[in-house]
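Please read them with the coordinates open.

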Amino acid sequence: MNTTIFQKLINGYNALSFTHNYIFGYEYKGNVYATSVTAEVLPYILKLDKASRGAGYALRFCPTVEQKLFLMMQNTTGVICSSEYFKTEVANSIYNNGEIFEKLVTEKFGQVWEKDNIPYTEAGDIEVDGVAYQIKFQKATFTNEKSLARMENM
């Protein structure tokens, strides 16, 4: 892994991000879990990957079993639902995995979810007790070199 590019993407993303609080979702042993963490854990749970369409490298949340266990030792909200229920919700919806996870987390906190397109630079996905969080589900892409360069030059 190119640690220079990896760190540059993390630093660039953090510099632009509205919030440095995250709720990560992942499947483990038949259940979907949610864990809230701060940006300090990003280097331990993200990976550098090739971006599509010539956009250079991408920063992705594709946790290994070890990374999922690491997250479970953090501030885990717990089981959101079974993997089976989650897959059924996605299959019966027009939304993708990340959007369905965001909906389930929002509802878990007693809020009404609405699909939006507000950039990560302007707001979090949810606010809980006055704290804004970005919500990411496994296989989520944070950013890529091309997008980050465009955002930094705005």
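1. Is K29 buried or exposed? K29 is exposed, with a relative accessible area of 71%. The cut-offs are these: buried is under 20% relative accessible area, exposed is over 50%, and partly exposed is in between (1.4 Å probe, protein chains only). K29 sits in the loop between β1 and β2. Its phi is near 50 degrees, a positive value in a residue other than glycine. Helices (H or I, at least four residues) and strands (E, at least two) are DSSP runs, numbered from the N terminus.

2. On provenance: this is a predicted model, in which local features need pLDDT of at least 70 and side-chain atom pairs count only at pLDDT 80 or more, while totals for chains, interfaces and linings use all residues. Residues are numbered from 1 along each chain as its sequence is written, and side-chain values use heavy atoms, with hydrogens and water left out.

3. The loop between β7 and β8 holds K139 and also Q138. K139 has a positive phi of about 80 degrees although it is not a glycine. K139 is exposed, at 68% relative accessible area. Q138 is buried, with a value of 15%. Leaving aside neighbours within four places in sequence, Q138 is in contact (heavy atoms within 4.5 Å) with G25, Y26, E27, F61, P63 and K68. The C-alpha atoms of Q138 and Y22 are separated by 13 Å, and the two residues are 116 apart along the chain.

4. Next, the nonpolar packing. A nonpolar core here is a set of buried Ala, Val, Leu, Ile, Met, Phe, Trp, Tyr and Cys residues joined through side-chain atoms within 4.5 Å. The largest one has 23 residues, and Y22, F24, L46, F61 and F142 touch the most other members. Two or more residues each come from α1 (3-16), β1 (21-28), β2 (31-38), α2 (42-45) and β4 (57-61). Helix α1 gives the most, with 5 residues. Apart from this core lies another, of 16 residues, with V105, I126, I135 and F137 among them. In soluble globular proteins, nonpolar side chains tend to be buried together.

5. What does F24 touch, leaving aside its neighbours within four places in sequence? F24 is in contact with Y33, A34, T35, V37, L42, I45, F61, L71, F101, K136 and F142. F24 counts as buried because its relative accessibility is 0%. Y22 is buried too, also at 0%.

6. Aromatic pairs. Rings of Phe, Tyr and Trp (its six-membered ring) pair if their centres lie within 6.5 Å; planes under 30 degrees apart count as stacked, over 60 as edge-to-face and the rest as tilted. The count comes to 11 aromatic pairs. Y22 and F24 form a stacked pair, 5.6 Å centre to centre with 20 degrees between the planes.

7. A58 is in strand β4. A58 counts as buried, at 0% relative accessibility. Its C-alpha atom is separated by 8.0 Å from that of L9, 49 residues apart along the chain. Not counting residues up to four places away in sequence, A58 touches L9, K47, L48, D49, K50, A51, T141, T143 and N144.

8. The pocket search uses a 1 Å grid over the protein atoms alone; a pocket is an open set of points where a 1.4 Å probe fits, with protein on both sides within 12 Å along at least five of seven lines, and lining residues have an atom within 4 Å of a point. The largest pocket has a volume of about 820 Å³, taken as the space filled by probe spheres set on the points, with grid points joined across faces, edges and corners.

9. Which residues lie nearest the centre of the largest pocket? They are D125, I135, K136, A140 and T141, out of 29 lining residues. At least two lining residues each come from α5 (97-108), β7 (131-137), β8 (140-144) and α6 (145-152). The largest share, 5 residues, comes from β8. By class, the lining has 10 nonpolar, 10 polar and 9 charged residues. Here Ala, Val, Leu, Ile, Met, Phe, Trp, Tyr, Cys and Pro count as nonpolar, Asp, Glu, Lys and Arg as charged, and the others, Gly among them, as polar.

10. E99 is in α5 and counts as buried, at 16% relative accessibility. Leaving aside neighbours within four places in sequence, E99 is in contact with W113 and K115. Q7 is in α1 and is partly exposed, at 34%.
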